[in-house]
Amino acid sequence: MNRMARKAVLVATAAAAVLSATGCAAERIDPNDFDQVSPAFNGDDTVWEDSRNAETDGTDVRRFSYSTGTGALVAGGAGEQDQPAISDQYIVWIDQGRLMARSLSGGQPFTVVNGPATQTDPAICGSLVVWSDTANNSDVKAKQLPSGSVISVASSSAVEAYPACDQGR
């Protein structure tokens, strides 16, 4: 092993030791060999896009709760369920281009928006969900869940995309 490689290994080992000692070490919460991408976090919960069934059904959305140490399927079945986001009240995701939501307190998933399946890039704070809608170029929309009206946040001939929200402001 050359000198640079030894230094790199020593630095990586030292970093892992420091992270572990401070409680910041990486922890594998769902040990499988398939892609797990697009994680979103809220306090005790993590959601992500999971490809363990991608070859037969498409991607799914899964959730892990650190307080209970349990994981569960949020959205699965035929097609792509992806782009998850989570708040202290709801999980949202895109299912075949359609924005879906589910309350963390239980219940069935529900469609957030009627009309064409042109939603993408959801973000959620509390019960306020924002997303990009490609039905008319690309606009940013919002809705108070579960039954508020859809409002246009940004709409012009330009592309508006990748919305975010901050519940603390």
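Two strands are said to pair if DSSP finds at least two bridges between them. In this predicted model, strands β11 and β12 meet that description, pairing in the antiparallel sense over three bridges. Within this pairing, Ala142 stands opposite Ile151 in β12. The two strands form a hairpin, and six residues lie between them.

The connection between these strands deserves attention. The loop that runs between β11 (139-144) and β12 (151-154) contains Pro146.

Which side chain of opposite charge is nearest to Lys143? That side chain is Asp133, 11 Å away. A salt bridge requires a side-chain nitrogen of Lys or Arg within 4 Å of a carboxyl oxygen of Asp or Glu; Lys143 is buried yet has no such bridge. The side chain of Lys143 does, however, reach the backbone oxygen of Val112 at 2.7 Å. Leaving aside residues up to four places away in sequence, Lys143 touches Val112, Ser127, Leu128, Val129 and Trp131, and also Gly148, Ser149 and Val150.

Gln96 is located in the loop between β6 (90-95) and β7 (98-103), and its phi is near 55°, a positive value in a residue other than glycine. Asp121, by contrast, belongs to a strand, namely β9 (residues 119-125). The phi of Asp121 is likewise positive, near 55°, and this residue too is other than glycine.

Notes: Residues numbered from 1 in each chain as written. Predicted model: local features only at pLDDT ≥ 70, side-chain atom pairs only at ≥ 80, totals over all residues. Heavy atoms only, no water. Helix = DSSP H or I, 4+ residues; strand = E, 2+ residues; numbered from the N terminus. Buried < 20%, exposed > 50% of the residue type's maximum accessible area, 1.4 Å probe, protein only. Lys, Arg positive; Asp, Glu negative; His and termini not counted. Polar contact = N/O pair within 3.5 Å; in protein donor to acceptor, adjacent residues only side chain to side chain. Contact = heavy atoms within 4.5 Å.
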